[in-house]
Amino acid sequence: MGQRSAQWYSGTDRNAYIHRAWMRRGLPTHAFDGRPHIAIANTASDLTPCNAHLNEVAESVKQGVYEAGGIPLNLPVVSLGETQVRPTAMLWRNMAAMATEEMLRANPIDGVVLLGGCDKTIPALLMAAASVDLPAVVVPGGPMITGTFRGVALGCGTDVWKLSEEVRAGTLSEQQFLRSESSMIRSRGHCNTMGTASTMALLAEALGVIIPGVAGTPAPDSRLLESAHDTGRLAVEMVSAERRPSDLLTRGSFLNAIVALAAIGGSTNAVVHLLAIAGRLGIELTQDDFDRTGANVPLLVDLQPAGRFLMDDLHRAGGLLAVLREVRDLLDPDALTVTGRPLVDYLDGAQIWDPEVIRVREEPLLPQAGIAVLYGNLAPSGAIIKPAAASPRLLTHRGRAVVFESIEDLHARIDDPDLDVDADSVLVLRGCGPRGYPGMPEVANLPLPAKLLRAGVRDMVRVCDGRMSGTAYGTVVLHVTPEAAVGGPLALVRTGDVIVLDVAARRLDVDLPAEEWALRTPAPETVRAYAEPARGWERLYVNTVQQANTGADLDFLLGSSGHQVARESH
Ligand code: FES
Ligand code: MG
C-alpha cells in the first residue's frame with residue numbers, strides 16, 4: 001500500500017525529511033508509514049456555482065478515506081463554471097485537464113477521488129486521470145432539485161432558451177421573464193435537464209468510474225454524502241488492488257457509454273468528451289462508433305430538453321441502472337467498474353419505479369435514439385445531429401442558406417426585419433469551431449429570426465461548426481468538420497446556396513455542381529472572422545487543438561505519461 005507516496009516519504013535522507021516535515025501540520029508520524037495518500041481533486045469554486053457544494057462532499061470523502069486507513073488530501077483543481085466563463089468553458093477544458101494531470105503526477109499521492117459536476121469538470125478530470133493512470137474514482141456532484149414558475153417545473157437551461165424565445169416572439173412579457181429568474185436555480189447542484197453535466201455524470205457511471213447507482217443522486221440528497229463516504233473508502237481499496245483507469249476504461253466500456261448516451265437521450269457534447277477521454281488511453285474510438293453503436297438504441301428516458309421530466313424524476317424512477325437493465329443485451333458484460341465487479345452485475349437489482357420517466361424496452365419514446373453522423377460535401381470529416389431533439393419533418397430538408405460569419409454578425413442581423421429569410425431557409429453559422437472562435441462555443445442552436453418567431457415558427461434547420469448546449473433542442477447540425485477556420489468547405493457556402501439535409505441517408509450537402517464548388521475560395525470577411533490570439537493559453541490552444549471529430553483535445557496531450565516522476569525537487 002502507498003508505494004508511490006513512499007517514494008517521497010520513506011527513508012532518513014534530507015529529501016524525505018523535507019517532504020514529511022512540511023506536511024506535519026496535524027498529520028501524525030504514522031501518516032507516513034506507507035498508508036495510501038488519496039488526493040481529492042476538487043473543482044469546488046464560488047465561480048462554478050454548480051460545484052460550490054463540493055467542499056462538503058469532500059469532507060465526507062475524507063471521512064471514508066480515514067476510516068479505511070488512508071490519508072485524504074484536498075487538492076483544489078481548475079474549475080469551470082459553464083455559465084460564467086468567457087468566451088466558452090470549452091476553451092479551458094483541455095487546460096483544466098492538463099493542469100489536473102500535472103498536479104496529480106507531481107504530488108505524492110497514490111490514488112485520487114475526482115469531484116466534478118458542471119459540464120466540463122467531469123470530462124476534464126477523467127482526461128487527466130486517464131493520462132496519469134493512478135487509481136481514480138468519481139463522485140458526481142449531482143443535479144439540483146427542480147424549481148417551479150407559475151406552477152410549472154423549470155428545466156435549467158432549456159427553459160431559459162424557451163422563455164427568451166417567448167419574449168422575442170411577443171408571447172411573454174419581459175417582466176414575467178425576469179420574474180422566472182429566481183425560480184430557475186433552486187438548490188445546489190448542476191443543471192437538472194439532460195444537459196451535458198447530467199449526461200457526463202451518467203456516462204461516467206456507464207464507463208465504470210463511479211460506484212454503480214450513485215450518478216444522478218440530487219446534490220442536496222443526504223445519500224450523496226453517504227456515497228461520498230463510501231467512495232473515500234473505495235479509493236483506499238482501489239490503491240491496494242491497483243485498480244487503475246486503464247483497467248476500467250476499455251473500448252467495451254466506451255461502447256457501453258455510447259449505448260447509455262442513446263438510451264438516456266444525452267447531450268451531443270458527450271461525443272467530444274468521450275472521444276477526448278478515449279484519446280488519453282489510446283483506445284480506438286471514432287465518431288462513427290456513436291452512429292454504429294448508438295443509432296439503433298431506443299430512447300427510454302423522457303427528460304428535457306427532448307422530453308418532459310427532470311433529473312430528480314430520473315433518480316426517483318430508478319436511475320441509470322434501471323435504464324441499462326432494459327438494454328442489457330447491448331452492453332459489454334466484461335466491462336469492469338471501480339468496485340472490481342462488472343457493470344452488468346449491478347443491473348439485476350435495478351427496477352423501473354415510474355414507467356413514464358423510464359420506459360421499458362418494448363415501449364420506447366423513439367425506436368432509434370442515437371446521434372447520427374452526417375457526411376457530404378459540406379462535412380467531409382463528419383457532422384453530428386441529435387434526431388431525438390429535432391423536428392421529424394425537418395430531418396429531410398432542402399433550403400436556401402442564410403450565412404452568418406460570426407456570432408457577432410448573427411446578433412447584428414438575425415432580428416433585422418429586412419433579413420431575407422423564411423421558415424424553409426437553412427441558417428448557417430461558421431467560425432465557431434475549436435480553432436476559429438477559439439474554443440468551440442455552444443452557439444449552434446442559433447436563435448430564430450424574431451419575425452419568424454412572431455409568425456409561429458419554432459424550429460428551423462441550422463448548420464454550424466460549433467457545439468450546442470446539452471440543454472438545447474432543435475434541428476441543429478453541429479460539429480461540422482473540418483471547421484471553416486481550418487479550410488473546411490463550410491467557409492465556402494454563400495447565402496442563397498441550396499443546402500440538402502438527409503438524416504436517414506446521413507448526408508449534408510450543398511447542391512452545387514462540383515466544378516463550381518471547386519472554384520470557390522473563402523471571402524475576405526470570412527477569414528477575418530477567425531481568432532488570431534497573440535499569446536497565452538489561447539495561442540497554444542489554436543496552434544495545437546484538434547478537430548471536433550477526434551475530441552478537440554490538444555495534439556500533444558493525446559495518450560498517457562503515466563505517474564512516474566524520476567527527479568527530486570531538491
Ligand atoms: Fe453548470 Fe449547467 S451550468 S451544469
Ligand atoms: Mg453547456
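A: A crossing of two helices is right-handed if the near helix is turned clockwise from the far one by less than a right angle. The model discussed here is predicted.

Q: Which hand does the crossing of α9 and α13 have?
A: The crossing of α9 with α13 is right-handed.

Q: Why are α9 and α13 called oblique to each other?
A: Helix α9 (residues 196-207) and helix α13 (residues 269-281) pack at an angle of about 40°. Angles under 35 degrees count as roughly parallel, and 65 to 115 as roughly perpendicular; α9 and α13 are therefore oblique to each other. Their axes are 10 Å apart.

Q: What makes the contact of α9 with α13, and how do its residues divide into nonpolar, polar and charged?
A: Residues count as being in contact if their C-beta atoms lie within 7 Å. On the α9 side the contact is made by Thr196, Thr199, Met200 and Leu203, and on the α13 side by Asn269, Ala270, His273 and Leu274. These residues divide into four nonpolar, four polar and no charged.

Q: Why are α3 and α10 also described as oblique?
A: The axes of helix α3 (residues 54-67) and helix α10 (residues 222-241) cross at roughly 40°. Since angles under 35 degrees count as roughly parallel and those from 65 to 115 as roughly perpendicular, α3 and α10 are therefore oblique. Their axes come within 7 Å, and α3 passes α10 in a right-handed crossing.

Q: Which residues meet in the contact of α3 with α10, and how do they divide?
A: Val57, Ser60, Val61 and Lys62 are among the α3 residues that meet α10, whose own contributors include Leu224, Leu225, Ala228 and Arg233.

Q: What are the helix and strand contents over residues 35-343 and over residues 356-552?
A: Residues 35-343, which an unreviewed UniProt entry lists as "domain: Dihydroxy-acid/6-phosphogluconate dehydratase N-terminal", are 49% helix and 9% strand. Residues 356-552, listed by UniProt (unreviewed entry) as "domain: Dihydroxy-acid/6-phosphogluconate dehydratase C-terminal", are 16% helix and 20% strand.

Methods. Residues numbered from 1 in each chain as written. Chains lettered and ligands numbered in written order. Predicted model: local features only at pLDDT ≥ 70, side-chain atom pairs only at ≥ 80, totals over all residues. UniProt positions renumbered as here; feature names shortened; annotations may be inferred. Helix = DSSP H or I, 4+ residues; strand = E, 2+ residues; numbered from the N terminus. Axes fitted to C-alpha atoms, helices over the stretch in contact; angles between N-to-C directions. Parallel < 35°, antiparallel > 145°, perpendicular 65-115°, else oblique. Contact = placed C-beta atoms within 7 Å. Nonpolar A, V, L, I, M, F, W, Y, C, P; charged D, E, K, R; others polar.
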